[in-house]
Structures are given as C-alpha cells and as structure tokens.
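Below are some notes for a colleague who is reading through this model.

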Amino acid sequence: MAHWLTRAGVPALLSQLATSDEEITHQQLDDLPNTPTTRYIRDVLVVAAVLPPRDERLEALPRWADALLAQAPLPQQQLATPFTHWYLLHRIRRAHRHRPLRASTQHQMRSRLRRALELLDWLDEHGTTLGELTQPELEMWLEEGTVERREVRAFITWARGRGLVGELEVPRARIAAPSVFMTDEEQAEQLHQCLGDDSLPLDVRTAGALTLLFGLQHTKLLELTVRDVIDDNTMVSLNLAGHRLPLPPEVARLVRAQRDQCQARWQLDQTASTTPWLFPGQEPARPLAATYLNLKLRRHGIAPRAGRNNARLALATDLPASVLADFTGTSISNATRWTGYARRDWLDYIASRTQI
C-alpha cells in the first residue's frame, strides 16, 4: 500500500475525500476520472467498510453506455437509449443479482450496443428508417461485415417486440469447426518450456501448462483464487466450479509456487482486496485481464489458442461433454461439439492445422 500512497494524485485525492463534509459515496468516485488511482482508493474504502461492496464490472456498464450514446445523433439516441437501459442492462442486472458479472458478458453487452448503433448508422447512410428495413437489406448488411454483426439480433428482437420493425430475423451464423492446431511435437516442446524454463515469468509457465494440458478457458483460469488450490501435501488439485482437477506432479509444483507467490503478495495488499487471486492483475482487487494473459503467453512463445484446441480435442476423446464443460470452463453446447470433433478422422484435423 505504501507504493500506492506515494503515487502522483493519491495524497490529493485522499485529502479531498477526507476534508469533504459529505459522506463518501460511490457516486463521488464515479464522477472522477476512471484511473487506476481512483479504482484503488475505491477498493481500499470498500475493504475498510467505508463504502458498500458492489460489482464494479456491472456498475461500469451504464456509464460506458451513456458515454457511447452521447456521441450518437439524437434520433439514434432516442432508439438506442431505451434498448440499452430497459432491455440490455435490465436483463443483465436481473441475471446477476447473486453472482458477479463475467468479462465475457460485459464484452457481449458492449458488442450488442455497438452493433445496434452500427446498423442505425448504415440506415442513415442509405436514407432509410428502421421501420422500413427489409429482410434482404438486413441480410446484406450482415454479410458485408464481420460475424460480430450477428450480435444485432438482440436489438432486432427488442425492436420487433415493440413494433418498430417488421418480422425480421437475424440468421444464426454457422459455427465453424476449430482450425488452429499445433503438432504433437510443438505442444510437447511448449509444455516442456513451461515446466522447465526458469527464465519465463511464473504466471506464464503456470497458465501455459494448464492451457496446454487441460485446455482451460482463460476467463475460467483467471477466476481462480489461492483458495482454489487444494493441497494435502500428497496431491494438488484445482477447484473448478466445485469439480476437482488433479494435477500432475510437475504442474502441481508450478501451481504451488504461483499460489505461494500470490499469497505473499496478497498479504501486502489486503487493504485493497478481499480476494487473493491466483493470477492477480496490477490492481490488487482485480485478476489479470484475459486479453493481457493471452498476449503475455504469445510473447513468450506459447500459442494459447492452438494449445487449448489440442488439449480439448485430446480430452474430448475420453471425457463426456458435461465433464469437459466443467473442467474447461466452456458451455455444454461447445463441449458437445468438441466430443463430436473428436469422433472424426484425425486426418481432417492434420490437413487443417496451422500455427498462429
């Protein structure tokens, strides 16, 4: 904490809050720039029970949405604002009353709003209105862009339910089979690097080994805390949503070392975090970001996407879809697809393997 107290802006912000005649609230901090310093001070005040705990990822969404909507023309705002607040955010809040919002859900909500505004921009450019949009025009717009445009389905569903459009449908995109793999030799080489190269950062070695062996989704991996490392001095397991994943001895050694390192760090950061993350980020109260972990692995020669695909394909040959879903942190539908892929001839995959 002493390190944070010496950072530029921290003493002034603490002094400002301390001398205010008003009771400190989340709203006061929301009105300040969203910087690491502001987030850290908020975390300290929550841990100290000065502020009530809240889901910061969820609470950030309305502010982000309002800032984006403010940049849109007024007619678009009039359509997209109720869609955002009364449909997207309302559904998310209802679904996450008793569980924290995941980064993937946050990303999806943002994508859905962006796609809605993107479609409205396109309509403006073509001199037509949302009510005049036809099915062929909608499909043409979908085909002109990336697969992310399918996220506009939420907006079309909302608009159709309110009579703002006709009987429009957003066709579901065909889910392509995975095509990014590595050879068995490459997988073994990268795993050996994770297990034996002491020059690599410990979090890279640990996350890399778990990805290459078990195909763990990074969002799932980054939800782990040091308390999810179950160590009885004879075997180390990971607690994955209530399921124990036994670890081979060399991987267990890495996980133990990562746990001990993070446990020691958390002892110094408890003033700002109630959660001892197994893969902590720069800010104590938050884990490492999945995007940053992915880039960090790639920077050190580990191909996470190809390695995860190899591992999942191998596991899918031996595990039922329900167990595969629990262990890898993916959906049951995705795990079912993997078990289907595993039944195919390996020659189909050898022909399509590419390294990224």
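1. Aromatic pairs. The model is a predicted one, and with ring centres required to lie within 6.5 Å, the count of aromatic pairs in it comes to 5. One of them is formed by Phe-83 and Phe-155, whose rings are 5.1 Å apart centre to centre with 75 degrees between their planes, an edge-to-face arrangement. This pair links distant parts of the chain, given that Phe-83 belongs to helix α6 (residues 74-95) and Phe-155 to helix α9 (residues 153-161), 72 residues apart.

2. Are the two phenylalanines buried or exposed? Phe-83 has a relative accessible area of 0% and is therefore buried, and Phe-155, with a relative accessible area of 0%, is buried as well. Phe-83 also pairs with Trp-158, and because the planes stand at 55 degrees, with the ring centres 5.6 Å apart, this pair is classed as tilted. Here too distant parts of the chain are linked, with Phe-83 in helix α6 and Trp-158 in helix α9, 75 residues apart. Trp-158 has a relative accessibility of 3%, so this residue counts as buried.

3. The aromatic cluster. Which residues do the ring pairs link into a cluster? They are Phe-83, Tyr-87, Phe-155 and Trp-158.

4. Strands β1 and β2. Strand β1 (residues 229-231) pairs with β2 in the antiparallel sense, over 3 bridges, and within this pairing Ile-230 has Ser-237 of β2 as its bridge partner. The two strands form a hairpin with 4 residues between them, and in the turn Asn-233 has a positive phi of about 75 degrees.

5. Strands β2 and β3. Strand β2 is also joined to strand β3 (residues 243-246), again in the antiparallel sense, by 4 bridges, with Asn-239 standing opposite Arg-244 in β3. This hairpin has 2 residues between its strands, and Ala-241 takes a positive phi near 55 degrees. Why is β2 described as largely enclosed by the rest of the structure? The reason is that 4 of the 5 residues of β2 (residues 236-240) are buried.

6. Helix α8. In helix α8 (residues 135-144), the buried residues are Leu-138, Trp-141 and Leu-142. They cover an arc of only 100 degrees around the axis, and therefore lie on the same side of α8.

7. The chain as a whole. The chain has 18 helices and 3 strands, and 44% of its 356 residues count as buried. Among contacts with a separation of 6 or more, 64% are between residues 24 or more positions apart. The accessible surface of the chain comes to about 18,700 Å², and carbon and sulfur atoms account for 53% of it.

Notes: Residues are numbered from 1 along each chain as its sequence is written. This is a predicted model: local features need pLDDT of at least 70, side-chain atom pairs count only at pLDDT 80 or more; totals for chains, interfaces and linings use all residues. Side-chain values use heavy atoms; hydrogens and water are left out. Rings of Phe, Tyr and Trp (its six-membered ring) pair if their centres lie within 6.5 Å; planes under 30 degrees apart count as stacked, over 60 as edge-to-face and the rest as tilted. Buried means under 20% relative accessible area, exposed over 50%, partly exposed in between (1.4 Å probe, protein chains only). Two strands pair if DSSP finds at least two bridges between them. The arc is that of the directions from the helix axis to the C-beta atoms. Contact means heavy atoms within 4.5 Å. Accessible areas come from the Shrake-Rupley method with a 1.4 Å probe; for residues, only the protein chains shown count as cover.
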